[in-house]
Amino acid sequence: MTTERVIRIIAGFFIMLSVFLSSVYNGSVLNEPTWLWFTLFVGANLFQSGFTRWCLMEKILIKLGVKPGGACGTCAS
């Protein structure tokens, strides 16, 4: 597993954890339409992409002409 994948997993977990903690300690109700659902969606996608190496935004960007690759510019994603 590469550092890029581990970073995606950790970032996704932290985002999902912040949504959970917000709902528990700040009284945010997750069954009401709020921006926390969007945050949870982004976190879940980051988390799963670290394991599956599939990311919808990455696919969209490649179709738009953005070069695929890692953060260093030399490693493949």
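Colleague: What makes a residue part of the lining of the largest pocket, and which residues are they?

Modeller: A pocket is an open set of points on a 1 Å grid over the protein atoms alone, where a 1.4 Å probe fits, with protein on both sides within 12 Å along at least five of seven lines, and a lining residue has an atom within 4 Å of a point. Phe-38, Phe-41, Val-42, Asn-45, Leu-46, Ser-49, Cys-55, Leu-56, Met-57 and Ile-60 therefore count as its lining. The model is predicted, so local features need pLDDT of at least 70 and side-chain atom pairs 80 or more, whereas totals for chains, interfaces and linings use all residues. Residues are numbered from 1 along each chain as its sequence is written, and side-chain values use heavy atoms, without hydrogens and water.

Colleague: Which elements supply this lining?

Modeller: Two or more residues come from each of α2 (36-52) and α3 (56-63), and α2 gives the most, with six. These are helices because each is a DSSP run of H or I with at least four residues, numbered from the N terminus. The chain has three helices and zero strands, in the order α-α-α.

Colleague: What share of the chain is called buried?

Modeller: Of the 77 residues, 18% are buried, meaning under 20% relative accessible area with a 1.4 Å probe, protein chains only.

Definitions and conventions
Buried means under 20% relative accessible area, exposed over 50%, partly exposed in between (1.4 Å probe, protein chains only).
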